[in-house]
Amino acid sequence: DQFATQMANDVLEITSASARRLHNAFLHSYNKHNANTIIKHIPPLAAMPPNNEPSRSNDDFIISRVHIDPYTGICPRTNSKLRLIQLEQHQRTHFRNGLMTLA
């Protein structure tokens with residue numbers, strides 16, 4: 001499939017700074033609805049290195065940066081297999097705008 005080949009050549013990496021911003025934005029929204037959270041805010045200058053430790057439970061709430069195996073597409077934290085999907089141009093724009101709002 002041409003699209004999958006193109007995506008495989010265009011590696012998506014979220015930088016530590018971007019991952020931290022996404023983490024804190026998600027946490028801010030999540031905390032509005034869940035008072036009993038153990039997820040901590042990450043300070044603005046702190047690094048957010050990948051965390052590839054497997055989750056201890058299927059009930060864990062996971063917000064972390066990971067390295068996805070490029071051959072299997074398996075997430076090391078959740079053991080979930082990621083799949084590529086093809087989005088139309090308007091869907092890509094909507095998805096990107098949603099990410100920018102979240103960040």
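Buried means under 20% relative accessible area, exposed means over 50%, and partly exposed covers the range in between. The legends below use these terms for a predicted model.

**Figure 1. Overall view of the predicted model, a protein with 3 helices and 0 strands.** From the N terminus on, the order of elements is α-α-α. The protein has 103 residues, of which 15% count as buried. Its accessible surface comes to about 8,700 Å², and carbon and sulfur atoms account for 54% of that area. Of the contacts between residues at least 6 apart in sequence, 40% join residues at least 24 apart.

**Figure 2. Arginine 77 in the loop between helix 2 and helix 3.** Arginine 77 has a relative accessibility of 15%, so this residue counts as buried. Its side chain reaches the backbone oxygen of glutamate 53 at 2.8 Å. The side chain of arginine 77 also makes a polar contact of 3.2 Å with the side chain of serine 64.

**Figure 3. Proline 76 beside glutamate 53 and other contact residues.** Proline 76 lies in the loop between helix 2 and helix 3. With a relative accessibility of 25%, proline 76 counts as partly exposed, whereas arginine 77 counts as buried at 15%. Proline 76 and glutamate 53 are 23 residues apart along the chain, and their C-alpha atoms are separated by 6.7 Å. Leaving out residues up to four places away in sequence, proline 76 touches Asn52, Glu53, Pro54, Val66, His67 and Ile68.

**Figure 4. Asparagine 79 and its positive phi.** Asparagine 79 is located in the loop between helix 2 and helix 3. Most residues other than glycine have a negative phi. Asparagine 79 is not a glycine, yet its phi is positive, at about 65°. The relative accessible area of asparagine 79 is 61%, so this residue is exposed.

**Figure 5. A nonpolar surface patch made by Phe26, Phe61, Phe95, Leu99 and Leu102.** The patch covers about 430 Å². Helix 3, which spans residues 89-102, supplies the largest share of the patch, with 3 residues. Phenylalanine 61, one of the patch residues, is found in the loop between helix 2 (16-33) and helix 3. Patch residues need over 30% relative accessible area. Phenylalanine 61 has a relative accessible area of 37% and is therefore partly exposed.

**Figure 6. Leucine 99 in helix 3.** Leucine 99 is among the residues that make the nonpolar patch. Its relative accessible area is 37%, so leucine 99 is partly exposed. The C-alpha atoms of leucine 99 and leucine 22 are separated by 8.4 Å, although the two residues are 77 apart along the chain.

Conventions
Residues are numbered from 1 along each chain as its sequence is written. This is a predicted model: local features need pLDDT of at least 70, side-chain atom pairs count only at pLDDT 80 or more; totals for chains, interfaces and linings use all residues. Side-chain values use heavy atoms; hydrogens and water are left out. Patches are made of residues with over 30% relative accessible area and no salt bridge: like charges are joined within 9 Å, nonpolar side chains (Val, Leu, Ile, Met, Phe, Trp, Tyr) within 5 Å. Accessible areas come from the Shrake-Rupley method with a 1.4 Å probe; for residues, only the protein chains shown count as cover. A salt bridge is a side-chain nitrogen of Lys or Arg within 4 Å of a carboxyl oxygen of Asp or Glu. Helices (H or I, at least four residues) and strands (E, at least two) are DSSP runs, numbered from the N terminus. Buried means under 20% relative accessible area, exposed over 50%, partly exposed in between (1.4 Å probe, protein chains only). A polar contact is a pair of N or O atoms within 3.5 Å; within protein, one must be able to donate a hydrogen and the other to accept it, and residues adjacent in sequence count only if both atoms are side-chain atoms. Contact means heavy atoms within 4.5 Å.
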